[in-house]
Amino acid sequence: MDIAALLLWMFTVAAGLYLLTAGKPARAPSAEDARPQAEPAAAGVPAAAAAAYAAGTGKPPPITHTRITTRPDQHPLLEFMHPALGVIGLGCWIAFVVTRFGTFAWLAFGVIVVTIGAGLSWAASNAIAARRHAGTAQPHYPARLILLHGSAAAVTLALAIVTALTAGRA
């Protein structure tokens, strides 16, 4: 049963990776998307400041500060956390299959529960964003792939709990 859960978990990961490549989060097009892309600066330092430093004034060129912000529709933590936790859980399950140490099974079960929670939060935030920007939203994730990925994750969770319970008794 543990090998079946492992194979199903790998299928879930593959379906998730395919889902990531097949769709994009539902977001309204921003003003930055509409603007033509400018050529990137060669060195990131204004030429006058670099010339003044090179001329021997002794002052270093100013440091450029980049400010990173996200729009309310974006959830980069969820977009990173769900796949990362899935891979961590898969690693714990592989460790259980190799060692038959029950703690790895319970650890993998805990990680999959948190992973499913993060995935449901991500799907809900995408659905809210798609509803908010119904006419202007960019394409989102295909519903059939979300259903396939979620169903495989639910069956993986069921197999993981049954296997963890039986591993604790052995």
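I worked from a predicted model.

**Entry 1: helix 4**

I started with helix 4, residues 76-99. I wanted to know how the end-to-end distance fits the residue count. At 1.5 Å a residue, its 24 residues should span 34 Å. The end C-alpha atoms are 35 Å apart, so the two values agree. Next I listed the buried positions. They are L78, H82, L85, G86, G89, L90, C92, W93, F96 and V97. I kept one general point in mind while reading that list. Residues three or four places apart point the same way, because an α-helix has 3.6 residues a turn.

**Entry 2: the residue after helix 4**

I then looked at R100. It sits in the loop between helix 4 and helix 5, just after helix 4. I noted the background: most residues other than glycine have a negative phi.

**Entry 3: helix 5**

I ran the span check again on helix 5 (102-132).

**Entry 4: the nonpolar patch**

I3, L7, M10, I94 and V98 make a nonpolar patch of about 450 Å². Which helix gives the most to this patch? Helix 1 does, with three residues. Helix 1 (2-22) and helix 4 each supply at least two. I checked one member, I3, which is in helix 1. Is I3 buried, exposed or partly exposed? Its relative accessibility is 43%. Buried means under 20% and exposed over 50%, so I3 counts as partly exposed.

**Entry 5: the largest pocket**

Last, I looked for open space. Rolling a probe the size of a water molecule over the atoms shows where empty space is left. The largest pocket holds about 750 Å³. It is lined by 35 residues, and the closest to its centre are L19, H82, G119, W122 and H149. H82 is among the buried residues of helix 4. Two or more lining residues come from each of helix 1, helix 4, helix 5 and helix 6 (143-169). Helix 5 has the largest share of the lining, eleven residues.

Conventions
Residues numbered from 1 in each chain as written. Predicted model: local features only at pLDDT ≥ 70, side-chain atom pairs only at ≥ 80, totals over all residues. Heavy atoms only, no water. Helix = DSSP H or I, 4+ residues; strand = E, 2+ residues; numbered from the N terminus. Expected span 1.5 Å × (residues − 1). Buried < 20%, exposed > 50% of the residue type's maximum accessible area, 1.4 Å probe, protein only. Patch = residues over 30% accessible without salt bridge, like charges linked within 9 Å, V, L, I, M, F, W, Y side chains within 5 Å. Areas by Shrake-Rupley, 256 points an atom, 1.4 Å probe, with all protein chains shown as cover. Salt bridge = Lys/Arg side-chain N within 4 Å of Asp/Glu carboxyl O. 1 Å grid on protein atoms, 1.4 Å probe; cavity = no way out; pocket = protein on both sides within 12 Å on 5 of 7 lines; lining within 4 Å. Points joined across faces, edges and corners; volume = space filled by probe spheres on them.
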